[in-house]
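We will go from stop to stop, selecting as we go.

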Amino acid sequence: MQGTSISKALVTPGEELGVEEEYLPGDNAYVDSGYVKSMVLGIAEWDRLNHVVNVKPLKLSLIRPGQIVYGKVYYFPNDKVAMVRIFAVQQQDGVRRIQAETGILYVTYASEERLGTIYDAVGLGDLVKARVLSSKPPYHISLRGPLLGVVETKCPQCRAVIVPSSTTSKITCPVCGFVFRRKAAPS
């Protein structure tokens with residue numbers, strides 16, 4: 001009986017999988033400077049009979065419903081929604097950076113107070129601490145809770161970096177005195 005013609009291994013993006021004279025790039029693989037390389041983190045499969053390398057992506061999701069995450073507000077599709085780039089999760093042993101995921105913050109989940117617009121809770125570039133509500137990306141997140149909200153913001157007028165020290169919804173810039181609203185999380 002003949003052995004298998006497929007071998008497997010864990011590979012990282014950009015890792016060399018073989019030379020283009022020996023293998024053709026299959027799924028999630030490409031050719032660069034004569035080498036077949038992986039596009040993603042995953043399991044590479046070398047088909048020695050057909051001379052093709054395929055990479056099956058690994059999806060390492062560390063984000064679960066109820067978990068506390070940290071992210072940065074990067075976009076407002078309208079005045080009721082903020083898009084957040086989630087970059088870290090809180091674990092028992094501390095905060096762990098993760099591969100960036102997309103979070104969606106609706107105005108109804110931005111504060112315990114009734115808000116007219118999402119801009120009363122968060123601003124562009126704000127760092128937020130939020131709770132995950134959904135189990136699949138894009139993740140729905142909430143700032144409702146006494147320890148959740150904006151952990152770092154910039155003054156809309158002078159761009160001074162501000163770390164809120166209380167849960168008050170009005171923040172006064174210590175540099176220029178400008179007053180603005182945020183759903184703040186105490187530091």
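Start with an open sheet of four strands, in the order β1-β6-β7-β3, with mixed pairing. Strands here are DSSP runs of E, at least two residues long, numbered from the N terminus. Two strands pair if DSSP finds at least two bridges between them. Now colour the edge strands, β1 (6–11) and β3 (24–25). Each of them pairs on one side only.

A word on the model before going on: it is predicted, local features need pLDDT of at least 70, side-chain atom pairs count only at pLDDT 80 or more, and totals for chains, interfaces and linings use all residues. Residues are numbered from 1 along each chain as its sequence is written, and side-chain values use heavy atoms, with hydrogens and water left out.

**Between β3 and β7**

Select β7, residues 52–57. It runs parallel to β3, and two bridges join them. Which residue of β7 stands opposite L24? Click V52 to see it.

**K37**

Next, select K37 in strand β5 (residues 35–38). Is K37 buried or exposed? K37 is buried, because its relative accessible area is 13%. The cut-offs: buried means under 20% relative accessible area, exposed over 50%, and partly exposed in between (1.4 Å probe, protein chains only).

Show the side chain of D32 as well. A polar contact of 3.1 Å joins it to the side chain of K37. Such a contact is a pair of N or O atoms within 3.5 Å; within protein, one must be able to donate a hydrogen and the other to accept it, and residues adjacent in sequence count only if both atoms are side-chain atoms.

Leaving out residues up to four places away in sequence, K37 touches several others, including G14, E15, L17 and Y30. Contact means heavy atoms within 4.5 Å.

**Aromatic rings**

The whole structure holds two aromatic pairs. Select F178 and F180: their ring centres are 6.2 Å apart and their planes are at 20°, so this pair is stacked. Rings of Phe, Tyr and Trp (its six-membered ring) pair if their centres lie within 6.5 Å; planes under 30 degrees apart count as stacked, over 60 as edge-to-face and the rest as tilted. F178 is partly exposed, at 31% relative accessibility. F180 is buried, at 7%.

**The last stop**

Finally, pick S135, in the loop between β11 (127–132) and β12 (139–142). S135 counts as partly exposed because its relative accessibility is 49%.
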